[in-house]
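Q: I have a model open and would like to learn how to read its features one by one. Where do we start?

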Amino acid sequence: MRCRHARKLISQYIDKELSSGETKLFSAHIEACAACRLELEETKELSRMFAAAERVSAPYGFATRVLAGIEADKRPQNRLSHIFRPVLVRAAEVAFACVIVVIGFFSGRMLITDSPAPLSAAEMRSTFHLDVFESAPPDSIAGAYIGMTGVQNEK
Amino acid sequence: MDDIEIIRNFKHGEADAFNDIVLKYQDRIFNLCLYMLRDTHDAQDAAQDCFIKACRALHDFSPDASLYTWLYRIAVNTCLDYRRKRIQSRMDSHSMAEDMPSHMPSPEKLYESREISEVVRTAMQKLPEKLRAAIVLREIEGLSYEEIAEIMDVSTGTVKSRISRSREELRKILVRKL
């Protein structure tokens, strides 16, 4: 038996799943091969660790919680609500979105009707002049600046 | 009371019949879920889901089959679903001490076995799900290859291969670690 084949049989050897013929061949190989023997020992150690590992009991109250869960699962209204809840939630979301869109539409229309009439081209141009400097008092910073730079309105 | 009698009582509408099943199998199912999922709270949720699914389906259960392999199959599939759905990012912050087992071994034994089981459980998280399920059923639950094949719905050849690969992977992980 070759090492590659022997290593594939280690797990089944531990579980006593090999035939008697396979077991004899495997045992003979293990006797002769130190590397496979080491691997067998390490795998056996793993099984010993599993055997020593803690078996945990269900926590206190677990059975009570399970039975309460089963009772809740049996109630017909719960099953119906479980089935229909996603549909109802989705319908509410759609209705809410529609309301928001309608409110947005009407409030937008209200803004449009209440807004002042658009400026004419001449009115628009009149906003570009520099009359704003005229209102600056002479003792203010703006007035001092105008005085220093000697800016003249073209008006 | 044996399983066949419990199932018969359940099918005849005895209200408490399922309680007997929960009480009889809760430790084994919870333990299986804990080794599969590692997190105590996830294991509780998965074990509870397993029993609820079993209760829903028990009317269709054939008495020819074994109840515990059937329950194990539900539990393994539930755990596989849990792992697929949840990215296990949160740490195991809920210590085992929070949910004290009902049958306590001696403190020394408990400490030693907890340390070992923690090492084993941590190593097992690195295994693919199906390999983990096979090794837990074999090493923790002590089931035969045939029973595992029935639970996992695969051939015994596949079970042999999965258990062998699991041991090989775990041996490499633990040799590096220890």
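Predicted model: local features only at pLDDT ≥ 70, side-chain atom pairs only at ≥ 80, totals over all residues.

Q: How far apart are the ring centres of B:Phe10 and B:Phe18, and at what angle are their planes?
A: Planes under 30 degrees apart count as stacked and those over 60 as edge-to-face, with the rest called tilted. For B:Phe10 and B:Phe18 the centres are 5.9 Å apart and the planes stand at 55°, so this pair is tilted.

Q: Is B:Phe10 buried or exposed? And B:Phe18?
A: Buried means under 20% relative accessible area. B:Phe10 has 8% relative accessibility and therefore counts as buried. B:Phe18, at 4%, counts as buried too.

Q: How do I read a helix pair, say H4 and H7 of chain B: at what angle do they cross?
A: Look at the distance between the axes, then at the angle. Helix H4(B) covers residues 67–85 and helix H7(B) residues 145–152; their axes come within 8 Å and cross at roughly 55°. That angle makes H4(B) oblique to H7(B), and the crossing is right-handed.

Q: Which residues of H4(B) and H7(B) meet?
A: From H4(B) the residues are B:Tyr68, B:Thr69, B:Tyr72, B:Arg73 and B:Val76; from H7(B) they are B:Glu147, B:Glu150 and B:Ile151. Sorted by class, the contact of H4(B) with H7(B) holds four nonpolar, one polar and three charged residues.

Q: At what angle do H6 and H7 of chain B pack?
A: Helix H6(B), residues 129–140, packs with H7(B) at about 140°, and the axes are 10 Å apart. Roughly antiparallel needs an angle over 145 degrees, so H6(B) is oblique to H7(B). The two helices cross in a right-handed sense. On the H6(B) side the contact is made by B:Lys130, B:Ala133, B:Ala134, B:Leu137 and B:Arg138, and on the H7(B) side by B:Tyr145, B:Ile148, B:Ile151 and B:Met152. By class, the contact of H6(B) with H7(B) has seven nonpolar and two charged residues, and no polar ones.

Q: What about the backbone: which phi does B:Asp153 have, and where does B:Asp153 lie?
A: B:Asp153 is not a glycine, yet has a positive phi of about 60°. B:Asp153 lies in the loop between H7 and helix H8 (156–177) of chain B. With 59% relative accessibility, B:Asp153 counts as exposed. B:Arg38, also not a glycine, has a positive phi of about 75°; its place is the loop between helix H2 (17–37) and helix H3 (40–57) of chain B.

Q: How many helices and strands does chain A have?
A: For a whole chain, start with the element count. Chain A has seven helices and zero strands. Of its 155 residues, 23% are buried. Among chain A contacts with a separation of 6 or more, 42% come from residues 24 or more positions apart.

Q: Where does A:Leu25 lie?
A: A:Leu25 is in helix H2 (residues 20–32) of chain A. A:Leu25 counts as exposed, at 52% relative accessibility. A:Leu25 and A:Met1 are 24 residues apart in sequence, while their C-alpha atoms are 6.7 Å apart in space.

Note on methods
Residues numbered from 1 in each chain as written. Chains lettered and ligands numbered in written order. Heavy atoms only, no water. Axes fitted to C-alpha atoms, helices over the stretch in contact; angles between N-to-C directions. Helix = DSSP H or I, 4+ residues; strand = E, 2+ residues; numbered from the N terminus. Parallel < 35°, antiparallel > 145°, perpendicular 65-115°, else oblique. Left-handed = near helix turned anticlockwise from the far one by under 90°. Contact = heavy atoms within 4.5 Å. Nonpolar A, V, L, I, M, F, W, Y, C, P; charged D, E, K, R; others polar. Phe/Tyr/Trp six-rings, centres within 6.5 Å; stacked < 30°, edge-to-face > 60°. Buried < 20%, exposed > 50% of the residue type's maximum accessible area, 1.4 Å probe, protein only.
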